[in-house]
Amino acid sequence: MDSATSDRRETRQALSSTADNGLKIVIVGGFGVGKTTMVRSVSEIRPLNTEETMTKAGEGVDDTEGVAGKSATTVAFDFGRITLDAHNVLYLFGAPGQERFWFLWDRLFSGTLGAVVLVDTRRLADSWYAIDRLEHHGTPFVVACNDFGGPGHTAEEVREALDLPTEVPLVFCDARSRESGKDVLISLVRHLQTAALSHTPEPTP
Ligand SMILES: Nc1nc2c(ncn2[C@@H]2O[C@H](COP(=O)(O)OP(=O)(O)O)[C@@H](O)[C@H]2O)c(=O)[nH]1
Ligand SMILES: [Mg+2]
């Protein structure tokens, strides 16, 4: 083990016993949009996930159209963690996008600070349900378009297709990149700050 790795491990051990504030963020979106990939990229722990090799049983149930090369599917949740400082830890939950897991979502959103809706611009309709549930719960979110190559869509086109209010940030990312994933989380945190400020009641004179 090199010294940087052992330093990181010691830091994490020290932090895990002091962090007292867990902040929950969920990453939601359709099947195969890159949720597991993003949690893996940004998490500082080896993320817990329940990726299973897709079986015959999933054929015809999981819609793999347009998801070339996808050979595993998340049957429950992805879970990752990022230490912000000595007291604050961000917990990331990747929520399954398949329709048969939608009943879990309402519970998942309770206590959630905010959400990232990950979208594949070739399959925008897959994000409608997630956006609808988040709006229903009043959970602040950002939309992140994952880069699968090919002809892209402009931010305006995606906004229009998803009927996104102007205050909802829209960013482009590559879920395989740690830096890019972090930028998405930073845009969410900025959005949460803005939302918190705009909801701060005016002091009464
Ligand atoms: N080209 C490209 N492929 C990606 C990207 N993110 C994920 N993938 C691939 O897309 C497939 C589906 O990703 P996965 O994270 O399992 O999707 P999930 O179902 O949302 O968890 C996998 O084969 C990933 O390697 C990306 O940003 N660009
Ligand atoms: Mg997954």
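Mentor: Right-handed means that, with the strands pointing away from the viewer, the path from the first strand over the helix to the second runs clockwise. Helices (H or I, at least four residues) and strands (E, at least two) are DSSP runs, numbered from the N terminus. A right-handed β-α-β unit is also made by β6, helix α5 (residues 155-162) and β7.

Trainee: What kind of model is this, and how are things numbered?
Mentor: It's a predicted model, where local features need pLDDT of at least 70 and side-chain atom pairs count only at pLDDT 80 or more, while totals for chains, interfaces and linings use all residues; side-chain values use heavy atoms, leaving out hydrogens and water. Residues count from 1 along each chain as its sequence is written, and chains are lettered from A and ligands numbered from 1 in the order in which they are written.

Trainee: What pLDDT does the chain average?
Mentor: pLDDT is the predictor's confidence in each residue, from 0 to 100. Here the chain averages 79, and 70% of the residues score at least 70. Among the elements, β7 has the highest mean (97) and helix α1 (residues 3-18) the lowest (52). Where pLDDT is low, the predicted coordinates should not be read in detail. Residues 53-57 have a pLDDT below 50.

Trainee: Which strands does β6 pair with?
Mentor: Two strands pair if DSSP finds at least two bridges between them. Strand β6 (residues 141-146) pairs in the parallel sense with β5 (residues 114-120) over six bridges, and V119 stands opposite C145 there. Four bridges join β6 to β7 (residues 170-173), also running parallel, with L170 as the bridge partner of V143. Elsewhere, β1 (residues 21-29) and β4 run parallel, joined by seven bridges.

Trainee: Are the faces of β6 covered or open?
Mentor: In a regular strand the side chains alternate between the two faces of the sheet. In β6, F141, V143 and C145 lie on one side and V142, A144 and N146 on the other, and all are buried. Buried means under 20% relative accessible area, exposed over 50%, and partly exposed in between (1.4 Å probe, protein chains only). Strand β4 (residues 88-94) is mostly covered too, with five of its seven residues buried.

Trainee: And which residues of α4 are buried?
Mentor: A130, I131, R133 and L134. Seen down the axis of α4, these fall within an arc of 165 degrees, so they line one face of the helix. That arc is taken from the directions from the helix axis to the C-beta atoms.

Trainee: Which residues touch the most other members of the largest nonpolar core?
Mentor: Nonpolar side chains tend to be buried together in soluble globular proteins. A nonpolar core is a set of buried Ala, Val, Leu, Ile, Met, Phe, Trp, Tyr and Cys residues joined through side-chain atoms within 4.5 Å. The largest has 21 residues, and V28, V117, F141, V143, L162 and L164 touch the most other members. A second, separate core of 20 residues includes V39, L90, L118 and A144.

Trainee: Where does G149 lie?
Mentor: In the loop between β6 and α5. G149 is partly exposed, at 40% relative accessible area.

Notes:
Contact means heavy atoms within 4.5 Å.
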